[in-house]
Amino acid sequence: EKHTAEGLFEALLSTGIRGKQFLLPRAEEGREFLSDAIAREGGEVVSVVAYRNGLAEKDEVVAGEIVSRPPDVCTFASPSAFRNLFLLLGDGTARSMLSRTRIAVIGEVTARAVDRRDFRVDIVPETYTLKGLVAAGHAFFTAHRTVTARSRAACTRGDRCTDRATDPPPSRAAPTSPARRATAETAADPA
């Protein structure tokens, strides 16, 4: 079961599409895949823009904190969230910050948006839901967590102390690694 437009289309195919009418409330920026696929199969599609993604007002204090102390992982639940980070921070600043963190995405569509900007995705859940994303992130960091003597020493000196995975984020110029994705997916799958 895929939680994507492609997965929904596959499910609709089994019920029959030809001659049926479909109302598709969607984002203004949404992909056309589902409406195009339904039309190709003989269905009638009415697409209605139900919402628009907007850019939040930039909070300079929060932006400065994110850039100076990047989080252990940046999660993106849509391609527009990834694009908007660059609009808010600026291209160079966003690239710099993302090069010092891990990137987690909710699914393959968002992963492609990240890949198009030449960043590597570290975490992609097997099930494209928020619950799946959280589980994949937890599994990734559990599998990669080690606290080195150096990071322990930093904690005792009062420096910024984190219990982050100690292997540094990979080069962001590298393409997304199927092996890294598989690691997160396999570790997140409790079965």
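Helices (DSSP runs of H or I, at least four residues) and strands (DSSP runs of E, at least two residues) are numbered here from the N terminus, and Thr110 is found in helix α6. The structure is a predicted model, in which local features need pLDDT of at least 70 and side-chain atom pairs count only at pLDDT 80 or more, while totals for chains, interfaces and linings use all residues. Residues are numbered from 1 along each chain as its sequence is written, and side-chain values use heavy atoms, with hydrogens and water left out.

**The chain as a whole**

- The chain holds nine helices and four strands, and from the N terminus on its elements run α-β-α-β-α-β-α-α-β-α-α-α-α.
- Of the 191 residues of the chain, 35% count as buried, where buried means under 20% relative accessible area, exposed means over 50%, and partly exposed lies in between, with a 1.4 Å probe and protein chains only.
- Among the contacts in the chain with a separation of 6 or more, 62% join residues 24 or more positions apart, a contact being heavy atoms within 4.5 Å.

**Helix α6 and what follows**

- Helix α6 covers residues 108-116, and its buried residues are Val109, Thr110, Ala111, Ala113 and Val114.
- Thr110 has a relative accessible area of 2% and is therefore buried; leaving aside its neighbours within four places in sequence, Thr110 is in contact with Phe76, Ala77, Ser78, Pro79 and Val105.
- After α6 comes Asp118, which sits in the loop between α6 and α7 (130-144).
- Asp118 has a positive phi of about 65 degrees although it is not a glycine. Most residues other than glycine have a negative phi.
- With a relative accessible area of 49%, Asp118 is partly exposed.

**The largest pocket**

- About 860 Å³ of space lies in the largest pocket. On a 1 Å grid over the protein atoms alone, a pocket is an open set of points where a 1.4 Å probe fits, with protein on both sides within 12 Å along at least five of seven lines, and lining residues have an atom within 4 Å of a point. Grid points are joined across faces, edges and corners, and the volume is the space filled by probe spheres set on the points.
- The lining has 31 residues, of which Ala5, Gly30, Arg31, Tyr51 and Val109 are the closest to the centre of the pocket.
- Two or more lining residues come from each of α1 (5-15), β1 (21-27), α2 (33-40), β2 (44-51), α4 (79-89) and α6, and α6 gives the most, with five residues.
- The lining divides into 13 nonpolar, 10 polar and eight charged residues, where Ala, Val, Leu, Ile, Met, Phe, Trp, Tyr, Cys and Pro count as nonpolar, Asp, Glu, Lys and Arg as charged, and the others, Gly among them, as polar.
- Arg31 lies in the loop between β1 and α2 and is partly exposed, with a relative accessible area of 36%.
- Not counting residues up to four places away in sequence, Arg31 touches Ala5, Glu6, Arg26, Val109 and Arg112. Arg31 and Val109 are 78 residues apart in sequence, and 9.6 Å apart in space, C-alpha to C-alpha.

- Val114 touches Phe82, Ile103, Val105, Phe119 and Val121, not counting residues up to four places away in sequence.
- The structure holds six aromatic pairs, in which rings of Phe, Tyr and Trp (its six-membered ring) have centres within 6.5 Å, with planes under 30 degrees apart counted as stacked, over 60 as edge-to-face and the rest as tilted.
- Phe140 and Phe141 form an edge-to-face pair, 5.2 Å centre to centre with 85 degrees between the planes, and both residues are buried.
- Ring pairs also link Phe76, Phe82, Phe86 and Phe119 into a cluster.
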